[in-house]
Amino acid sequence: MRIAIAGAGNVGRSIAQELIGNGHQVMLIERQPRQLRPERVPEAEWILADACEVSSLEEADVAGCDVVIAATGDDKVNLVCSLLAKTEFAVNRVVARVNRAENEWLFTEQWGVDVAVSKPRLMAALVEEAVTVGDLVRIMTFRQGEANLVEITLPAQAPYVGQAVRSVPMPRDSALVAVLRGKRVLVPTPDDPLEAGDELIFICTAEVEDEVRAVVLGKAADLG
């Protein structure tokens with residue numbers, strides 16, 4: 001994919017290096033000359049421009065990008081960049097960095113944001129995920145589809161431990177997309193058995209999160 005990243009600070013450069021390592025074509029857009037350091041990520045295309053200016057984005061051919069990532073340290077800039085990418089250039093996928101938790105409510109599809117990545121929320125979720133067994137932890141929200149990426153670590157007493165994935169009656173608007181078992185990442189098939197300690201990764205709407213928790217953990221009484 002061709003990916004444009006607005007903001008070439010530590011966060012933007014780290015994202016660029018990761019994406020380039022995965023075989024993608026990356027363009028870094030930076031408005032501060034002192035931050036323009038092509039030697040830090042030589043494989044990327046570097047552009048000195050303002051990601052909040054339509055003319056700058058036109059010159060950078062943002063319309064030809066598959067994804068735009070607004071990764072600056074300024075939430076206002078990230079919102080404007082996201083809105084322009086979606087409304088003026090019809091970019092298919094827009095990902096925006098949220099720097100301040102109180103601004104998270106703004107990062108919606110109305111501002112052109114498909115996926116909002118909140119550093120405070122993500123850090124809190126990762127802490128919860130590391131210590132929580134037997135509960136549902138929300139890791140990320142996909143704004144456009146109103147869907148969430150959530151995780152449940154199976155306790156030994158969960159009702160479907162030892163049973164095949166097909167035995168789990170998943171609620172509507174939910175899907176088990178991965179099982180983390182030790183150092184392995186498994187793409188679940190209907191015949192795969194679940195084990196105590198498995199980290200189950202689901203995509204589901206917010207409305208059915210409680211149902212997913214109740215089914216997987218055997219807490220149907222919580223729904224009533």
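Leaving aside neighbours within four places in sequence, V68 is in contact with A4, V62, C81, A85, V91, R93, V94 and V95, where contact means heavy atoms within 4.5 Å. The model is predicted, so local features need pLDDT of at least 70 and side-chain atom pairs count only at pLDDT 80 or more, while totals for chains, interfaces and linings use all residues. Residues are numbered from 1 along each chain as its sequence is written, and side-chain values use heavy atoms, with hydrogens and water left out.

**Nonpolar cores**

- In soluble globular proteins, nonpolar side chains tend to be buried together.
- A nonpolar core is a set of buried Ala, Val, Leu, Ile, Met, Phe, Trp, Tyr and Cys residues joined through side-chain atoms within 4.5 Å; buried means under 20% relative accessible area, with a 1.4 Å probe and protein chains only.
- The largest core has 25 residues, of which M27, I29, L57, V62, V68, V91 and F107 touch the most other members.
- Two or more residues of this core come from each of β1 (2-6), β2 (25-30), β4 (67-70), α3 (75-87) and β5 (93-98); helices (H or I, at least four residues) and strands (E, at least two) are DSSP runs, numbered from the N terminus.
- Helix α3 gives the most to this core, with 4 residues.
- A second, separate core has 19 residues, among them A158, V179, C204 and V215.

**Helix α5**

- Helix α5 (residues 209-217) is largely enclosed by the rest of the structure, because 7 of its 9 residues are buried.
- The buried residues of α5 are E209, V212, R213, A214, V215, V216 and L217.
- These buried residues pack against β7 (136-142), β8 (147-153), β9 (174-181) and β11 (199-205).
- Just after α5, G218 takes a positive phi of about 75°.

**Cysteines**

- C65 is buried, with a relative accessible area of 6%, and C204 is buried at 1%.
- The count of disulfides comes to 0, a disulfide being a pair of cysteine sulfur atoms within 2.5 Å.

**Largest pocket**

- A pocket is an open set of points on a 1 Å grid over the protein atoms alone, where a 1.4 Å probe fits, with protein on both sides within 12 Å along at least five of seven lines; lining residues have an atom within 4 Å of a point.
- The largest pocket has a volume of about 270 Å³, a volume being the space filled by probe spheres set on the points.
- Of its 21 lining residues, G7, E30, R31, T72 and G73 are the closest to the centre.
- The elements that give two or more residues to this lining are α1 (10-21) and β2.

Key. Buried < 20%, exposed > 50% of the residue type's maximum accessible area, 1.4 Å probe, protein only.
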